Amino acid sequence: MRSVRALCVLSSLAISLTACGDREAAPSAPPSAAEVPVPAPPPAPSAVPSPPALARADVDALLASWLDSQNRGDFAAYAPLYAARFEGVRRTERETFRLDHDSWLEDRQRLFGRPMQVGASDVEVVLSGATAIVRFTQRWSSGQYSEEGPKRMVVVREAGALRIASEEMIAAHAVAPGALALGSLLSALSTRASTLIVLGATEDPGQGAPRDIPAERIRIALRDAPASIPPAFAGLLGRQVQLASAGDVCTTTIGSLGIAAFVVPHFGTEQQWQGEDFDDSTPAVVTPAAQIAREVDAMAEHHYWVAVAGPSTCGLAQAAVLGERAPVVWPLREIPETLGPALVGMLAGTVRHELIG
């Protein structure tokens, strides 16, 4: 009986051990979603700072340097204004040329071999972040040849400075000698009775007797215009002129054209005309205005076409710019900065004031 009970105990123990072994060999259950480790996200790339936006004043300064370097014939100042990755399009009335940086400068350098005048009018600047689109009407002249047409530039920042990345002459046409383009910068001289806007040099001395036109620090002899008037000048008759001074703007009208001579006389000559060059034994004699006008006209080496407008009531006008609707006149020290120092420099050469001894 005892052996049967022992056998039963041993059987039960064997069954228990077999069951435990089966449990240890069974595969473990998959972990829950909450127990699965989530990998860390990759580090965010460091933000690249955006290039600074261009400012209108800096674009205007670049355009001014571009004009000034050409008008002074300074190729060393002109060449660095172009970006390394530059594309240029040059057009004439018959051909179109596409040039890269080096070929553009090689082509341009040939033009610096003789004096030239380059002007920009109707300037429009569209700023778009780190890029600027500049559109203007260009007038280029050298010797007896002049041409004008719309031009487009793309300006970018390169190595901390503004540079021209693209330049394209949209169209170009020859300008007849003596014609005035919109935006032409001219000298304007205020006198006691009128404002004279200098249009250009001429070999024609005019007609009729010269008249003495009183002005500050200068003598002017004015003759009537000859019968044959260039069409570009005749179209100015009757047009309005805006005259500007500090805090004031006034308007007058171009009433006539004439031929003028300008002389800055030696002080001794001026004293003689005023009757101050005499001794005690000689009575003072003031030179008549008509005689002064004849002498000034004879002294001058150059004569100029002028538009005669009404007197300025708002200050001394010394510069004129032809706009779309009318010539615009500013005092020299108040020319808008957007015109740039290059245009102001051009003004100085418009009229040669001759010093007569």
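This is a predicted model: local features need pLDDT of at least 70, side-chain atom pairs count only at pLDDT 80 or more; totals for chains, interfaces and linings use all residues.
Student: Let's start with tyrosine 78. What makes it count as buried or exposed?

Tutor: Its relative accessibility is 0%. Buried means under 20%, so tyrosine 78 counts as buried.

Student: Which residues is tyrosine 78 in contact with, leaving aside its neighbours within four places in sequence?

Tutor: Trp66, Ser69, Gln70, Trp104, Leu105, Arg108 and Phe112.

Student: And which residues have the most contacts inside the largest nonpolar core?

Tutor: Tyr78 is one of them, along with Trp66 and Tyr82, in a core of 28 residues. Elements that give two or more residues to this core include α2 (56–71), α3 (75–78), β1 (82–91) and α4 (101–111). The largest share, 5 residues, comes from α2. As background, nonpolar side chains in soluble globular proteins tend to be buried together.

Student: How many aromatic pairs are there?

Tutor: The structure holds 9 of them.

Student: How do you know whether phenylalanine 112 is buried or exposed?

Tutor: Its relative accessible area is 14%, and the cut-off for buried is under 20%, so phenylalanine 112 is buried.

Student: What kind of aromatic pair do phenylalanine 86 and tryptophan 104 form?

Tutor: An edge-to-face one, with 5.2 Å centre to centre and 65° between the planes. Edge-to-face asks for over 60 degrees. Phenylalanine 86 lies in strand β1 and tryptophan 104 in helix α4, so the pair ties together parts that are 18 residues apart in sequence.

Student: Are those two buried or exposed?

Tutor: Phenylalanine 86 has a relative accessible area of 3%, so it is buried. Tryptophan 104 has 1%, so it is buried too.

Student: Which residues do ring pairs link into a cluster?

Tutor: Phe75, Tyr78, Tyr82, Phe86, Trp104 and Phe112.

Student: What lies over the face of tryptophan 104?

Tutor: Arginine 108, at 4.9 Å from the ring centre. A charge over a ring has to be within 6 Å of that centre. The charged end of arginine 90 sits over the ring of phenylalanine 97 as well, 4.4 Å from its centre.

Student: Now alanine 84, in strand β1. Buried or exposed?

Tutor: Exposed, because its relative accessible area is 55% and exposed means over 50%. Leaving aside its neighbours within four places in sequence, alanine 84 is in contact with His101 and Glu158.

Student: Over in helix α7, why do the buried residues line one face?

Tutor: The buried ones are Ile292, Ala293, Val296 and Asp297. Seen down the axis of α7, they fall within an arc of 130°, so they line one face of the helix. In general, residues three or four places apart in an α-helix point the same way.

Student: What makes β10 and β11 a pair?

Tutor: Two strands pair if there are at least two bridges between them, and 6 bridges join β10 to β11, which run antiparallel. Isoleucine 213 stands opposite isoleucine 220 in β11. The hairpin has 2 residues between the strands, and arginine 217 takes a positive phi near 60° there.

Definitions and conventions. Residues are numbered from 1 along each chain as its sequence is written. Side-chain values use heavy atoms; hydrogens and water are left out. A nonpolar core is a set of buried Ala, Val, Leu, Ile, Met, Phe, Trp, Tyr and Cys residues joined through side-chain atoms within 4.5 Å. Buried means under 20% relative accessible area, exposed over 50%, partly exposed in between (1.4 Å probe, protein chains only). Helices (H or I, at least four residues) and strands (E, at least two) are DSSP runs, numbered from the N terminus. Contact means heavy atoms within 4.5 Å. The arc is that of the directions from the helix axis to the C-beta atoms. Rings of Phe, Tyr and Trp (its six-membered ring) pair if their centres lie within 6.5 Å; planes under 30 degrees apart count as stacked, over 60 as edge-to-face and the rest as tilted. A charge sits over a ring if NZ of Lys or CZ of Arg is within 6 Å of the ring centre and within 35 degrees of the ring normal.
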